[in-house]
Amino acid sequence: MQREFMEFDTVIVGAGPAGLAAAIRLKQLAPESTVCVVEKGGEVGAHILSGAVIEPRALDELLPDWRTEETPLKTAAAADRFYFLTETKAYKLPTPPQMHNHGNYIVSLGDVVRWLGAQAEALGVEIYPGFAAAELLEEDGRIVGIATGDMGIAKTGDAGPNHQPGMELRAPYTLFAEGCRGSLSKQLMARFNLRQGVDPQTYGLGIKELWEIPSARHRPGLIEHTFGWPMDRRTYGGSWLYHLGNNLVSYGFVIGLDYSNTWISPFDEMQRLKTHPHLRAHFEGGRRISYGARALSEGGLQSIPRLTFPGGALLGDAAGFLNVPKIKGTHAAMKSGMMAAEAVTEARAAGAPEPTGFTDRLRASWLQTELSSVRNIRPSFAKFGNLGGFVYSAIDTVLLRGKAPWTFHHPHADNEVLKPAAQDRQIAYPKPDGALTFDRLSSVFISNTNHEEDQPVHLKLRDPALWLTENWEKYQSPESRYCPAGVYEAVGVAEGNPHLQINAQNCVHCKTCDIKDPKQNIDWAVPEGGGGPNYPGGM
């Protein structure tokens, strides 16, 4: 069956902060232009879990009058606290300058993108949620749009009774704002060799819970960050607690995916961190209401690829615009989207096939200055360990003011550093109690994750035989521990027939498996549109 097609001036993949900022800016610059945004989530914001701190600098530039309107930015940051944890103690330290949040807002980021989506639609942007961008369209060496995935394909690969072919969305310029490790962005980097001359990207896994706590314990505007326990001295990681509105607390844990101990389970580390006396006090009397996880691009300036190619550009966390020391990326994603929109408008006026002005705008922007000033902080932890990295970061920030005459680099991809299972210690994690700590399956349940059962599995092994000889015999199935959703299980072990079971219906689209698998044997592709988590908004 032949696919239908629609034509636009610009197609944008992903209705997150970067994609929506780009759409709004395009319509501001050229109101007559046609702009389409496709979003794989069932609605705008469906794949964004509440609880983030936003620096409004980019929003001030994009929508200068936003403070006069009804917006989701209601809870102003009020207090910053920074703690070093041992197993039983919490030591309050001076808050690093990058973590000062005066003038920022604690928000439901899902509600923010829903609001941005409404702003875009009011300008005439067409937004299509529930449609997964599954295929690049290329003609004569230039990207000319994307095709959405077919709907109603059975597990066998045959068309089911409700089959609907995907649609081609064509445009002279296509902007990819898929977020971290986007499936099409990954293909673009390989197709156009966009990573040549830059460091490997390094990633973190962020696991997040949203809690409702008694009003007596709630402190609107309170922001806390911790580092130290339960991480060992080699493993980068830490936590956040954000008290937003309506008695809600966003709790999250980030671990660098460059960890080497195959026995580490990021999910279980996140759960046992809540048992620390300092953190436990925040949750007493509360109830957990949502859960999610997402990989983060942590490489910084050294790992940002070439941003443009014939017919388009990479935006936001698809390119790696995250300020790791700030633990913020929304303002950077929005700024990148705005600059890309300006470059596309310029390229269209000149009849140029590639919006190369995006790179020039970045180099002249405050975003380049910001990312350059913190470029050495994340790699210093890999270079010197957690204690040495902390000391170096203080020197770089306070004495050198981010202007060191050297640049540290990321020498390895995250999948290259795991040690064989026999070379490291196993970790005994406490059993969940169901009140403060939980298991994976109950967590996935409250993420509202859903995939049509009779559809092709979107997680595939490129070489199924490699799992036994590499993942099992060398590393004892690391994917069964690093996946925060119970997607991967090593079964048949007791019977002497170990093999991998993939529970794809549990997938919360974090992309960790695509990043951390030792031989890059797991390939994450988009499932049928609308599949995945459905995080609540408006709370």
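D80 stands opposite I223 in β17, a strand of residues 222-228, in a model that is predicted, so that local features need pLDDT of at least 70 and side-chain atom pairs count only at pLDDT 80 or more, whereas totals for chains, interfaces and linings use all residues. Residues are numbered from 1 along each chain as its sequence is written, and side-chain values use heavy atoms, with hydrogens and water left out.

Strand β6 (residues 79-85) runs parallel to β17 over seven bridges, where two strands pair if DSSP finds at least two bridges between them, and where strands (E, at least two residues) and helices (H or I, at least four) are DSSP runs numbered from the N terminus. With strand β18 (residues 237-243), β17 pairs in the antiparallel sense over five bridges, and here E224 stands opposite L241.

Seven of the seven residues of β17 are buried, that is, under 20% relative accessible area, with exposed over 50% and partly exposed in between (1.4 Å probe, protein chains only). L222, E224, T226 and G228 point one way from the strand, while I223, H225 and F227 point the other way.

Leaving aside its neighbours within four places in sequence, L116 is in contact with P17, L20, I24, L59, L63 and M334, contact being heavy atoms within 4.5 Å.
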